[in-house]
Amino acid sequence: MNLPELTLPIAITPGDPCGIGPEIIAKAWRTAPELTRGCFVAGDVGLMRRAMALVQGAPCFPVCEIESPAQALAVPPRCLPVLQVVPVAPPLPWGQIDARAGRLAGEAVLWASRAALRGEVSAVVTAPLNKEALHAAGAPYDQYPGHTELLQAESARHAGVTLAQMPVRMMLANDELRVVLVSIHLSMREALEAITFDRVSETLRITHHALTPLLGRKPRIALAGLNPHAGEGGLFGREEIEILQPCVSAARAEGIDVQGPFAPDTVFMRARQRADGHREFDVVIAMYHDQGLIPVKYLGVEQGVNVTLGLPLIRTSPDHGTAMDLAGQGKADASSMVQAIRMARHRVTDAY
């Protein structure tokens with residue numbers, strides 16, 4: 001595998017120390033040493049040494065402490081560099097919700113986001129954090145439902161704009177399917193209320209502008225309907241007629257290649273890449289969290305990657321949670337973390 005050299009390192013945050021995040025990072029270094037060259041962990045040295053010991057085998061991968069992000073580019077092969085960006089943490093129990101773990105995870109993400117916004121790292125890859133532990137950590141982390149909202153708030157603060165002026169969307173992607181969500185971490189009732197002309201139109205613009213440089217052309221976008229059979233002409237709901245169809249017309253007038261709304265039970269199959277490489281659409285806009293995540297995760301959680309669109313930085317993440325029931329056993333699958341690092345590298349090298 002011949003990869004372009006990084007001119008700036010990639011920061012990887014360990015996620016919740018009590019979950020599988022540190023373990024899958026250690027496994028990524030062991031299974032994909034060329035892919036992880038130029039990357040480093042922004043977190044706690046002791047935590048990563050414990051994780052490497054958990055998965056250690058031949059060949060041996062030492063964990064070394066670095067003093068600045070730039071040093072990650074010069075670290076010898078088969079070595080995991082860690083920058084201590086949080087207070088030195090005591091060993092925390094695997095598989096348990098712990099406020100100390102939530103704070104460590106939040107502090108690492110905050111440091112990495114600021115380093116990216118300062119131009120010290122080229123991208124941020126985040127291992128999973130536990131939302132309950134993050135909330136238990138208290139201010140300021142208890143105000144964020146997850147990574148996406150924390151990164152959005154920090155980016156808006158850095159740019160000196162409001163959250164409304166820094167709109168972001170979550171894209172879930174694997175080798176077969178890309179899905180962008182109109183809303184992210186909202187209750188079902190709130191998610192339905194979030195399906196407005198302005199929010200759907202904004203999602204279309206963000207998706208168009210984010211994917212155009214990656215594909216080298218306009219993305220072919222499919223808009224999923226909200227109701228069964230996309231409303232069946234108003235028989236099962238009027239959102240398609242009153243909101244989604246006008247959104248499609250307005251977006252097409254802006255030069256965005258979008259079609260729909262399509263029946264949500266079939267549109268994802270139309271956007272899935274077939275064995276011959278063909279797909280009818282490059283991405284599907286899903287109306288709410290589970291509508292979009294279920295088809296992506298059904299195709300394989302181990303291959304899915306979460307990409308945040310709309311930020312002034314590159315951020316990817318594995319498409320799974322902290323898996324507390326697996327933590328500390330050395331059994332966690334690192335495939336999604338490897339894919340997240342690979343996608344971050346591709347976006348960085350494409351951008352440069």
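**Notebook: rings, a covered strand and a pocket**

I opened this predicted model at Arg270, which lies over the face of Phe262, 4.4 Å from the ring centre. I then looked for another charge over a ring and noted Arg50, whose charged end sits over the ring of Trp94, 3.9 Å from its centre.

**Aromatic pairs**

Next I asked how many aromatic pairs there are by the ring rule. The count comes to two. I took Phe40 and Trp111 to begin with: their pair is edge-to-face, with 6.3 Å centre to centre and 80 degrees between the planes. Phe40 belongs to strand 2 (residues 39-43) and Trp111 to helix 3 (residues 99-117), so this pair ties together parts that are 71 residues apart in sequence.

Then I went back to Phe262, the ring under Arg270. Phe262 forms an aromatic pair with Phe281 that is tilted, at 5.5 Å centre to centre and 45 degrees between the planes. This pair, too, links distant parts of the chain: Phe262 is in strand 9 (residues 258-262), while Phe281 is in the loop between helix 9 (267-271) and strand 10 (283-286), 19 residues apart. I looked up accessibility for both rings. Phe262, at 16% relative accessibility, counts as buried, and Phe281 does as well, at 1%.

**Strand 5**

I turned to strand 5 (residues 123-126) and asked which of its residues are buried. Both faces are covered, with Ala123 and Val125 buried on one side and Val124 and Thr126 buried on the other. I followed the neighbours from there. Strand 1 (residues 10-13) runs parallel to strand 5 and is joined to strand 5 by four bridges. Strand 12 (residues 315-318) also runs parallel to strand 5, with two bridges between them. Val124 turns up in both pairings: Ala11 stands opposite Val124, and Arg315 is the bridge partner of Val124 in strand 12.

**The largest pocket**

My last stop was the largest pocket, which holds about 430 Å³ of space. I counted 18 residues in its lining, and Ala173, Asn174, Arg178, Met343 and His346 lie nearest its centre. Which element gives the largest share of the lining? I found that helix 11 does, with six residues. Strand 6 (169-173), helix 7 (197-215), strand 11 (305-309) and helix 11 (335-351) each supply at least two lining residues. By residue type, I logged the lining as eight nonpolar, four polar and six charged.

Notes. Residues are numbered from 1 along each chain as its sequence is written. This is a predicted model: local features need pLDDT of at least 70, side-chain atom pairs count only at pLDDT 80 or more; totals for chains, interfaces and linings use all residues. Side-chain values use heavy atoms; hydrogens and water are left out. Buried means under 20% relative accessible area, exposed over 50%, partly exposed in between (1.4 Å probe, protein chains only). Two strands pair if DSSP finds at least two bridges between them. Rings of Phe, Tyr and Trp (its six-membered ring) pair if their centres lie within 6.5 Å; planes under 30 degrees apart count as stacked, over 60 as edge-to-face and the rest as tilted. A charge sits over a ring if NZ of Lys or CZ of Arg is within 6 Å of the ring centre and within 35 degrees of the ring normal. On a 1 Å grid over the protein atoms alone, a cavity is a set of points where a 1.4 Å probe fits but cannot get out, and a pocket is an open set with protein on both sides within 12 Å along at least five of seven lines; lining residues have an atom within 4 Å of a point. Grid points are joined across faces, edges and corners, and a volume is the space filled by probe spheres set on the points. Ala, Val, Leu, Ile, Met, Phe, Trp, Tyr, Cys and Pro count as nonpolar, Asp, Glu, Lys and Arg as charged, and the others, Gly among them, as polar.
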